Amino acid sequence: MGNVFVLDHPLIQHKLTYIRDKNTGTKEFRELVDEVAMLMAFEITRNLPLQDETIETPIKESETKVLAGKKIGLIPILRAGLGMVDGMLKLIPAAKVGHVGLYRDPETLKPVEYYIKLPSDISERKLIVIDPMLATGGSANDAIQSLKNRGAKDIRLMCLVAAPEGVEVIKEAHPDVDIYLAALDEKLDEKGYIVPGLGDAGDRLFGTK
């Protein structure tokens, strides 16, 4: 069964408070999301395997460590997931980036896929699916399934805030996928929004309504 990790680092929690605040404007919101994504990238990569490498320092030959094994792919769910990519790339600049475009039908609340573009070698990469919000779980579930249908085998999901209902959907549909969150919130409201949440992440990132 996939694990759920709530990343409770003090800097993440501090910045998340201002991300939630309705008085935080677009520019500051975007900067905070970028910073929290970078901090979360630090945590989500904590257990990446290492291998030995011999280098020459200015003083002597030395045995050191470098990353081993699979390379990383970042897969933001459009459009809000884009707001977290740059922060992650600051720590993992060699990662390839794919995109999955989904929107939620306002009547059925079910996701509709309208765009997908992925690295050609996703089956050989550790993939991190990125979406600021895990509400009903529909979009993340569909994005993960799209990746699996195209050969992906090693997938993690990273979100700023999640509702318990969405977490359960992913755990049931994709028990092999670990979930990384900055916060696990109380519930979904009758409109499918996370409570207390942070509003619509896409609108707040891009200044739209």
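Q: Which residues carry the UniProt "binding site" feature that includes Arg79 and Asp200?
A: The unreviewed UniProt entry lists Arg79, Arg104, Asp131, Pro132, Met133, Leu134, Ala135, Thr136, Gly137, Gly138, Ser139 and Asp200. Of these residues, Arg79, Arg104, Asp131, Met133, Leu134, Ala135, Thr136, Gly137, Gly138, Ser139 and Asp200 are included in the lining of the largest pocket. UniProt positions follow the numbering used here, feature names are shortened, and annotations may be inferred rather than shown by experiment. The model is a predicted one, where local features need pLDDT of at least 70 and side-chain atom pairs count only at pLDDT 80 or more, while totals for chains, interfaces and linings use all residues. Residues are numbered from 1 along each chain as its sequence is written, and side-chain values use heavy atoms, with hydrogens and water left out.

Q: Which residues of the "binding site" set with Ile194 belong to the lining of the largest pocket, and what makes a residue part of a lining?
A: In this feature the unreviewed UniProt entry places Ile194, Gly199, Asp200 and Ala201. The lining of the largest pocket takes in Ile194, Gly199, Asp200 and Ala201 from this set. A lining residue has an atom within 4 Å of a pocket point; on a 1 Å grid over the protein atoms alone, a pocket is an open set with protein on both sides within 12 Å along at least five of seven lines, whereas a cavity is a set of points where a 1.4 Å probe fits but cannot get out.

Q: Why is leucine 134 called buried?
A: Buried means under 20% relative accessible area, exposed means over 50%, and partly exposed is in between (1.4 Å probe, protein chains only). Leucine 134 has 1%, so this residue counts as buried. Leucine 134 lies in strand 9, residues 133-134. Beyond its neighbours within four places in sequence, leucine 134 has contacts (heavy atoms within 4.5 Å) with Ala140, Leu157, Cys159, Val161, Ala162, Ala163, Gly166, Val167, Ile170, Ile179 and Ile194.

Q: What makes isoleucine 194 buried, and what does isoleucine 194 contact?
A: Isoleucine 194 has 6% relative accessibility and therefore counts as buried. This residue lies in strand 13. Leaving aside neighbours within four places in sequence, the contacts of isoleucine 194 are Met133, Leu134, Ala135, Val161, Ala162, Ala163, Asp185, Lys187 and Leu188.

Q: Why is aspartate 200 called partly exposed?
A: Its relative accessible area is 33%, so aspartate 200 is partly exposed. Aspartate 200 sits in the loop between strand 13 (194-195) and helix 6 (201-206). From there, the side chain of aspartate 200 reaches the backbone nitrogen of glycine 202 at 3.0 Å.

Q: What makes glycine 199 partly exposed, and where does glycine 199 lie?
A: Glycine 199 has a relative accessible area of 39%, so the label is partly exposed. Glycine 199 lies in the loop between strand 13 and helix 6. Glycine 199 and arginine 20 are 179 residues apart in sequence, yet their C-alpha atoms are 7.6 Å apart in space.

Q: How do you know that serine 146 makes a polar contact with glutamate 113?
A: A polar contact is a pair of N or O atoms within 3.5 Å; within protein, one must be able to donate a hydrogen and the other to accept it, and residues adjacent in sequence count only if both atoms are side-chain atoms. The side chains of serine 146 and glutamate 113 make such a contact at 2.6 Å. Serine 146 is found in helix 4, residues 138-149, and counts as buried because its relative accessibility is 8%. Not counting residues up to four places away in sequence, serine 146 touches Glu113 and Ile116.

Q: How many helices and strands does the protein chain have, and what makes a run count as one?
A: There are 6 helices and 13 strands. Helices (H or I, at least four residues) and strands (E, at least two) are DSSP runs, numbered from the N terminus. The unreviewed UniProt entry gives residues 6-208 as "domain: Phosphoribosyltransferase"; over residues 6-208 the chain is 32% helix and 33% strand.

Q: Why does the radius of gyration agree with a compact globule?
A: The globule rule is 2.2 Å times the number of residues to the power 0.38, with the radius taken over C-alpha atoms. For 209 residues a compact globule would be near 17 Å, and the protein chain has 18 Å, which agrees. Buried residues make up 45% of the 209 residues.
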